[in-house]
Every structure is written in C-alpha cells, then in structure tokens.
Amino acid sequence: MNFMASKQPENSLLGPEADSQRTLYPYVTGTSVVALKYKDGILMAADMGGSYGSTLRYKSVERIKPIGKHSLLGASGEISDFQEILRYLDELILYDNMWDDGNSLGPKEVHNYLTRVMYNRRNKFNPLWNSLVLGGVKNGQKYLGTVSMIGVNFEDNHVATGFGNHLARPILRQEWHENLSYEDGVRLLEKCMRVLLYRDRSAINKLQIAKITEEGTTISQPYSLKTYWEFSAFANPAQGAVGTW
Amino acid sequence: MAKQQANWSPYDNNGGSCVAIAGADYCVIAADTRMSTGYNILTREYSKICKLADKCVMASSGFQADVKALQKQLAARHLIYQHQHNKQMSCPAMAQLLSNTLYYKRFFPYYSFNVLGGLDNEGKGCVFTYDAVGSYEKVGYSSQGSGSTLITPFLDNQLKSPSPLLLPVQDAVTPLVEAEAIDLVKTVFASASERDIYTGDKIEIVVVNATGIRREYMELRKD
C-alpha cells in the first residue's frame, strides 16, 4: 500500500553507502504463523522452513520461542531479524528477572514492547522485516496479539501472518468458538496448516505446535501432517472451470 | 549503481470512519471497529476511540501504528500537564496540543485523521476536526476516515450549521437532544457500511456529558 508514492525518498540526504545499512529486502524467510485462544490458553503453529527466495534452504528453523514465563513468540519474515528480536527480548527478560521482585513481564507487556521496537525501526526507515505473533497467559488472563513490520498491532481471539491471513483466518472465523478444548484447538490449527501446506508455495510439511497455559509452555517435537493429493479437484482442476489451474 | 529506492512503504491505511457531533450539553463521538489492510479484514473488534482527558475524547482513523503512537504521545503529555497544573486539560487545550503534535511531524506525518470531541470549560459540547498535519477547526459536527465522503453530506443535510463567517457569530452546536444525535450517528454508519468496504462490523459510540462518559455499541454489516 503506497499512499505517498510521489514523495521524495527520506534518505536522499545521505550517500549511497548508508543504504547498505538499511533493510531493503528479506533474504531468509519463514512463512505463516497461525494462533488461537482455547480453553486453557493459547495454541500456536508454524512450520520449520527457512526459504532463501524460492530455494528451501533450511528445514529445521524453530519459528516459535518461549519468552519469559508467560509468553510465546512466533515470527514470519526475515529469520535473522527474528534472531535479533530474540536477543532484544533476552535482555528485556534479564532485566525483568534482575529486579527479583516476584513480578514478571506478561504477554501484554512483551507485545507492547515489541510494537514499540517495530514502530521505531519503521520510523528510521530500517524495519525488522517480520510479522510477529505474541501469545500467553498470566493470572488466568489469556492474551493473543500480533504486530507487523511497520508497527500495526492488534489482539484478537485468533491471528495469523502472511498467507495465513488469506487462508487460515476465514476458517478460524467460521469454526473458532470460546472454550475450545485442547484437542479441538489442535485439530482446528492442523486444518489451517494443511490448507496452507496445499496452497502456500513456501510452506513445508514439518511443523511444530506450541501450547501455553498458566502452568507453562510446551513446544511439540516436529511432525508432519497427513496429506491427500487425490482430490478430483487436484487431479483435474479444469473440470469445473475450463482454463483454470 | 543506480540509487536504491525503498520497496516498502512506511504507511498503510487500516481504514474505518469516525464521526463526532456537538450538542448544547453533550458530545457524541463514534467510530466503527473494523481494522483492515488492503482487501483483508485484520480484526472486527478494534477501538479507534481514545479518552484523552476527563471530558475529552478522540477518534482517529488512518494508519493504526501512527494513531497508536499519537494517542500515547497525547496521553503522556496530558499526564505531565496534570502533574504541572494539578488539573485535567480542557477540550480546547487538548485541541491545540493535538494540532501542535501533528505539525511537529509535518515532514514525516502521522497518517491519522482525527476528530476530537468533548465539553468545553462551560460544559457545552465541542468538536474539533483535523487533517493529518494538524490544521484544525472548531465545528458543530465532523466526520473523518474512509466513509467520510459518504457521511459528511448526510450530516450537512441534517445538521448544517450557520456559516462561521456570518455576524453576529452563531452557535455551531446542534439543537438536537442527545438521544436524537445518537440515533443520527447509528443511521449514518448503517448507510456508510452499505457502500464503504472499510466501514462495518460494529460501531462504538461514546457520549460525553455532565454526568461523565458512557459507551454503547451497535452491530453493523460484517461484509
């Protein structure tokens, strides 16, 4: 979306050398993250692919990480920027722990911090090229939010990044309801991830589902989804609509 | 090597519409709760309305990250004001602060289209309307955002105030009572959501009057 298309580039006062210091494009990228609130907390899913353009370069990238005691962070976009964000958060949690006052940063606070970081980098025209999903539970309160590379943020009962917004959100809008059981939540997430696997070129069939509740965090071992490629619509896509693919 | 151009935009339009109507002893501020990007809906339940002071409420549409940053700035400045003056900021004072804050970023603007509503020092309703870089005006009613082109003509038809250029100076506030103004707001949003794809889901209506601030909601089309 470019609403200031004809403006003078902000960096025209600096020489070309300064450009090499700013993020211009992403290099190694992760695809969608999908997450939802369920009865006991948050469920989040992401595959383990790190693409280098159209090459599937890395196949064991953990794109969901626990943050402190109460949060999970999932990221899509540039993997090196995600690693940088994890370093920032390490420091944040360290200082929080050093207070040693029995209080700890909850998911709301971490989400706010991340929003400010992303927005400030956008202001300097040097964004962290990620879409982040932050979920967690603290004192019984479930929280699920997201923030984009330009600082747009919101919370909702279910969120997704990238292709997930196009393919997973509609499924979640139809089938999500309050107080999903753990099994139903996982089933719903797997349904979303399967659709993404079929239709997102950068998705791979190796994913992790993470769960966070008041008790703590679990990130599953990597596993794959069962797929079915014999749908008649896949075998003969032009049947109902000549010329389609 | 040819000069690199940015291949991303620091701005986005997250859509939505805002309206405010000033009455003799009340002010109604309303906005829809849809947040979009391009042809996608990000969420159906996002509040665009922010209480800045006891009798001063702002509704903003545009680029959500800038709106959030602007709200935080104003809230922080209001806190400092309270510490320094031991009182709440009046609506006209907040109006000037908002204008100055927006103009401060004249050369990298907050992409935020605001209406400020509340009660002035005498308890009369007031509405201030802004562009993205801070030029503002006290008016009897206003609308901003993606549906404003659909809403403003309708409000003009129902509420048109006398011109502020006439002498003697006439009151801009509407003679409508609070309940009628709220009804008008609901009608106006129902119409706007028929034709503006970025307006819909729900309206959040905030009413400021002598008794305080209250909030109500109304469902809108979800398509």
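**Close-up views of a predicted two-chain model**

**View 1. Salt bridge between A:Asp156 and A:Arg169.** In this predicted model, A:Asp156 pairs with A:Arg169 in a salt bridge whose closest N and O atoms are 3.2 Å apart, the term denoting a side-chain nitrogen of Lys or Arg within 4 Å of a carboxyl oxygen of Asp or Glu. Because A:Asp156 sits in the loop between strand E10 (153–155) and strand E11 (158–160) of chain A, and A:Arg169 in helix H4 (residues 163–175), the pair ties together parts that are 13 residues apart in sequence; helices (H or I, at least four residues) and strands (E, at least two) are DSSP runs numbered from the N terminus. A:Asp156 is buried at a relative accessible area of 14%, and A:Arg169 is buried at 1%, where buried means under 20% relative accessible area, exposed over 50% and partly exposed in between (1.4 Å probe, protein chains only).

**View 2. Salt bridge between A:Glu175 and A:Lys191.** The side chains of A:Glu175 and A:Lys191 meet at 2.5 Å, N to O, and since A:Glu175 lies in helix H4 and A:Lys191 in helix H5 (residues 182–199) of chain A, they tie together parts that are 16 residues apart in sequence. A:Glu175 is partly exposed at 34% relative accessibility, as is A:Lys191 at 36%.

**View 3. Salt-bridge network in chain B.** B:Glu216 forms a salt bridge with B:Lys186, with the closest N and O atoms 3.2 Å apart. This pair links strand E12 (residues 212–219), which holds B:Glu216, to helix H4 of chain B, which holds B:Lys186, across 30 residues. Through shared partners, salt bridges join B:Glu178, B:Lys186, B:Arg214 and B:Glu216 into one network.

**Notes to all views.** Residues are numbered from 1 along each chain as its sequence is written, while chains are lettered from A and ligands numbered from 1 in the order written.

Technical notes:
Predicted model: local features only at pLDDT ≥ 70, side-chain atom pairs only at ≥ 80, totals over all residues. Heavy atoms only, no water.
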